[in-house]
Amino acid sequence: MSRDVPNIFKNLALLTHIGMIMMIPIFGAVYLGSLVDEKLGTNHIFLIVFIILGVGSGFLNVYKTIMKNIKKQK
């Protein structure tokens, strides 16, 4: 039982880390897209482009983190 507790905390930490590295690029992209649209007076074009880039960046970060974690476990 005591051996499983650190694994639970490790898994919770990994899950929290994955959530953070997924959400931070998306929120940053929404902020930057809105800011650029507001400054240039465009109609949500940059917001959509930045959201797509943010989601792509988030998935890439998650993929790299999971692959690094898999290699570490081997």
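A helix here is a DSSP run of H or I at least four residues long, numbered from the N terminus. With that in hand, Leu 53 sits in helix 2. We will come back to that residue. One caution before we go on: this is a predicted model.

Start with the whole chain. It has two helices and zero strands. Helix 1 covers residues 4–40. Helix 2 covers residues 45–73.

Now the overall dimensions. The C-alpha atoms fill a box of roughly 60 × 20 × 10 Å along the principal axes. A compact globule of 74 residues would have a radius of gyration near 11 Å. This chain has 17 Å. Buried residues make up 19% of the 74.

What about contacts? Take those with a separation of 6 or more. Of these, 58% join residues 24 or more positions apart.

Next, helix 2. How far apart are its end C-alpha atoms? They are 43 Å apart. With 29 residues at 1.5 Å a residue, helix 2 should span 42 Å, so the two values agree.

Which residues of helix 2 are buried? They are Leu 47, Gly 54, Gly 58, Val 62, Thr 65 and Asn 69. Keep a general point in mind. An α-helix has 3.6 residues a turn, so residues three or four places apart point the same way.

Let's look at Gly 58. Its relative accessibility is 0%, and buried means under 20%, so Gly 58 counts as buried. Leaving out residues up to four places away in sequence, Gly 58 touches Ile 21, Met 22 and Pro 25. Ile 18 is 40 residues from Gly 58 in sequence, yet their C-alpha atoms are 9.1 Å apart.

Back to Leu 53. Is Leu 53 buried or exposed? Its relative accessibility is 54%, and the cut-off for exposed is over 50%, so Leu 53 counts as exposed. Leu 53 and Ala 29 are 24 residues apart in sequence. From C-alpha to C-alpha, the two are 7.3 Å apart.

Last stop: Asp 37, in helix 1. Asp 37 is buried, yet it has no salt bridge. The nearest side chain of opposite charge is Lys 39, and that is 13 Å away.

So what does lie by the Asp 37 side chain? Two backbone nitrogens. The one of Leu 47 lies 3.0 Å from a polar atom of that side chain. The one of His 44 lies 3.5 Å from a polar atom of that side chain. Setting aside neighbours within four places in sequence, Asp 37 is in contact with Thr 42, His 44, Ile 45, Phe 46 and Leu 47. Of these, Leu 47 is also among the buried residues of helix 2.

Key: Residues numbered from 1 in each chain as written. Predicted model: local features only at pLDDT ≥ 70, side-chain atom pairs only at ≥ 80, totals over all residues. Heavy atoms only, no water. Buried < 20%, exposed > 50% of the residue type's maximum accessible area, 1.4 Å probe, protein only. Lys, Arg positive; Asp, Glu negative; His and termini not counted. Salt bridge = Lys/Arg side-chain N within 4 Å of Asp/Glu carboxyl O. Polar contact = N/O pair within 3.5 Å; in protein donor to acceptor, adjacent residues only side chain to side chain. Contact = heavy atoms within 4.5 Å. Expected span 1.5 Å × (residues − 1). Rg over C-alpha atoms; globule rule 2.2 N^0.38 Å.
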